[in-house]
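Visitor: I am new to this structure and would like a short tour. May I ask a few things as we go?

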Amino acid sequence: MYEPIRTKSVHTLADDDTRYPHRSREEELDIQLAGHLSALLAVTDELGLDSAADRIAVQVARLRGAPPARHAGRRRESPASLHRRAHTLAGRALVVAASRADTAAAILAAQRMDAHSAATENLVATP
């Protein structure tokens with residue numbers, strides 16, 4: 001009444017197929033965290049916050065194993081919007097750093113969030 005199964009099941013484990021490289025969850029989180037911190041570094045460089053940018057660059061270099069490319073050009077964007085974007089990027093980095101239990105990156109991201117939040121408030125409060 002039923003035909004026998006002639007093809008490989010779609011439910012076999014992915015580990016059986018070794019043609020593709022596989023990364024661990026920790027490696028994926030490292031890549032994601034380095035990406036968020038690199039984006040934060042670009043905005044921080046654009047704001048001209050050299051000491052903060054240097055601290056972020058150290059974390060990116062630790063995660064990637066090589067020093068990051070630094071932002072050279074400046075766009076004509078308001079400081080308030082740059083601080084808001086940096087705050088958002090630091091928040092994303094904080095979430096990933098917390099999920100991979102990277103204390104150094106989490107502390108740095110939280111400090112950057114506080115600094116950009118305060119800077120945004122000061123820019124809005126100043127007429």
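Guide: A term comes first: contact means heavy atoms within 4.5 Å. Residues 24 or more positions apart account for 71% of the protein's contacts with a separation of 6 or more. This is a predicted model, in which local features need pLDDT of at least 70 and side-chain atom pairs pLDDT 80 or more, while totals for chains, interfaces and linings use all residues. Residues are numbered from 1 along each chain as its sequence is written, and side-chain values use heavy atoms, with hydrogens and water left out.

Visitor: How many helices and strands are there in the protein?

Guide: The protein has four helices and zero strands, counted as DSSP runs (helices H or I, at least four residues; strands E, at least two) numbered from the N terminus.

Visitor: At what angle do α3 and α4 pack?

Guide: Helix α3 (residues 79-99) and helix α4 (residues 103-125) pack at about 155°, their axes 8 Å apart. The pair is therefore roughly antiparallel, a term for angles over 145 degrees. Axes are lines fitted to C-alpha atoms over the stretch in contact, with angles from 0 to 180 degrees between N-to-C directions.

Visitor: Switching topic, where is Arg100?

Guide: Arg100 lies in the loop between α3 and α4.

Visitor: Is Arg100 buried or exposed?

Guide: Arg100 counts as buried because its relative accessibility is 17%; buried means under 20% relative accessible area, with a 1.4 Å probe and protein chains only.

Visitor: Which residues is Arg100 in contact with?

Guide: Leaving aside neighbours within four places in sequence, Arg100 is in contact with Glu26, Leu29, Asp30, Leu33, Arg62 and Leu63.

Conventions. Angles under 35 degrees count as roughly parallel, over 145 as roughly antiparallel, 65 to 115 as roughly perpendicular and the rest as oblique. Buried means under 20% relative accessible area, exposed over 50%, partly exposed in between (1.4 Å probe, protein chains only).
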